[in-house]
Amino acid sequence: MENTYNPLISWIVPAYNVEKYIIDCLNSLVSIGLPKDCFEVLVVDDGSTDNTLSLTEGFAAKHPSIKVFTQENRGLSITRNRAIEMAQGDYIHFVDADDFIINVNQYIQCIKFALKNDLDILTFGFVRYLDDNSYNNSNCDSNKDVEKLLFSDVMNGQTLWERLSFINTAWQYIIKRRTLIDNGLRFVPGLLIEDFQFNLKAFFVSTRCVSSDATLYYYRYNPNSIMHNKSISNQQFLLDCYVANARYSLDFILNSAAL
């Protein structure tokens, strides 16, 4: 018999060596204020070699809506794909383990708006901050009047993609789970900058999309990450990944145009 448990939203949190940040991330999710039977947090530890797993399991023991899974290190794409298969929510939001959610009242308002309007995708704004910045609750205006929250008109995903110019990360929007399942949308294993081709497909198969003016997400900018490594070998590797993404995306666009 199919499991009838259907939480409102599934937060997918891949985790790899993020012992400094994982609790802040998880705490931001369970503190949003949704009823416990209206959300699930799927944490997939991708073979961490630090204390990420033990910290996560300790936190999850106090919060039954958090489910922790482990695997040998297989990369971000496979980790997210595994969680997509396990998710049960009406909507999915990919959350990086070193980031966190802010403005909880607006976040809830956005989820309600997505449900009420049967949206495939709802995008939102974010704040970027350096890794050494301290987190300050005063920066998170959780009590802002949600009645003043603005949403664009409902449009298809291709139109929204063009209006937003560039959506480079999977955490920049909330997406209907059925949209992923019905269209077989998955991340390409072994591909860096994998979000781009996934986002392109997600937007182009979506028919009901909206952009919100809410700022809901704190993104941790790490100047020492692989994306900002200036070595010749790393720049060549990144270039190869950009080319691979372009090929995947072009094939998708050409195949879609032929239908």
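**Notebook: looking through a predicted model**

The model is a predicted one. Where pLDDT is low, the predicted coordinates should not be read in detail. I therefore left the coordinates of that stretch alone. For the protein, the average pLDDT is 86, and 82% of the residues score at least 70.

**Entry: the cores**

I looked up the largest nonpolar core next. I found 40 residues in it. Those with the most contacts inside it are Ile9, Trp11, Val13, Leu34, Val41 and Tyr107. I then asked which elements supply at least two residues each. They include S1, H1, S2, H2, H4, S6 and S8. H4 gives the largest share of this core, with 6 residues.

Leaving out residues up to four places away in sequence, Val13 touches Ile22, Cys25, Leu29, Val41, Leu42, Val43, Val44, Val95 and Ala97.

**Entry: helix H1**

H1 covers residues 22-30. Which of its residues are buried? I listed Ile22, Cys25, Leu26, Ser28, Leu29 and Val30. What do they pack against? My list has strand S1 (9-15), strand S2 (39-46), helix H2 (52-60), strand S3 (66-71) and S5. I noted the helix rule here. An α-helix has 3.6 residues a turn, so residues three or four places apart point the same way.

**Entry: strand S8 and its partners**

S8 runs over residues 209-221. Of its 13 residues, 10 are buried, so the strand is largely enclosed by the rest of the structure. S5 and S8 pair in the antiparallel sense, over 2 bridges. Ile101 stands opposite Tyr217 in S8. S6 and S8 run parallel and are joined by 9 bridges. Arg128 stands opposite Tyr219 in S8.

**Entry: two positive phi angles**

Most residues other than glycine have a negative phi. I looked at two residues that go against this. Asn103 is not a glycine, yet its phi is positive, about 50°. Asp118 is not a glycine either, and its phi is also positive, about 50°.

Where do they sit? Asn103 is in the loop between strand S5 (100-101) and helix H4 (104-116). Asp118 is in the loop between H4 and strand S6 (121-130). Are they buried or exposed? Asn103 has a relative accessible area of 7%, so I logged Asn103 as buried. Asp118 has a relative accessible area of 43%, so I logged Asp118 as partly exposed.

**Entry: Gln172**

My last stop was Gln172. Gln172 lies in the loop between helix H5 (157-164) and strand S7 (173-176). Is Gln172 buried or exposed? Its relative accessibility is 11%, and the cut-off for buried is under 20%. Gln172 therefore counts as buried.

What does the Gln172 side chain join? I found a polar contact of 2.7 Å with the side chain of Thr169. I then set aside the neighbours within four places in sequence. Gln172 is in contact with Leu122, Thr123, Phe124, Phe126 and Ile167 beyond those neighbours.

Conventions: Residues are numbered from 1 along each chain as its sequence is written. This is a predicted model: local features need pLDDT of at least 70, side-chain atom pairs count only at pLDDT 80 or more; totals for chains, interfaces and linings use all residues. Side-chain values use heavy atoms; hydrogens and water are left out. Helices (H or I, at least four residues) and strands (E, at least two) are DSSP runs, numbered from the N terminus. Buried means under 20% relative accessible area, exposed over 50%, partly exposed in between (1.4 Å probe, protein chains only). A polar contact is a pair of N or O atoms within 3.5 Å; within protein, one must be able to donate a hydrogen and the other to accept it, and residues adjacent in sequence count only if both atoms are side-chain atoms. Contact means heavy atoms within 4.5 Å. pLDDT is the predictor's confidence in each residue, from 0 to 100. Two strands pair if DSSP finds at least two bridges between them. A nonpolar core is a set of buried Ala, Val, Leu, Ile, Met, Phe, Trp, Tyr and Cys residues joined through side-chain atoms within 4.5 Å.
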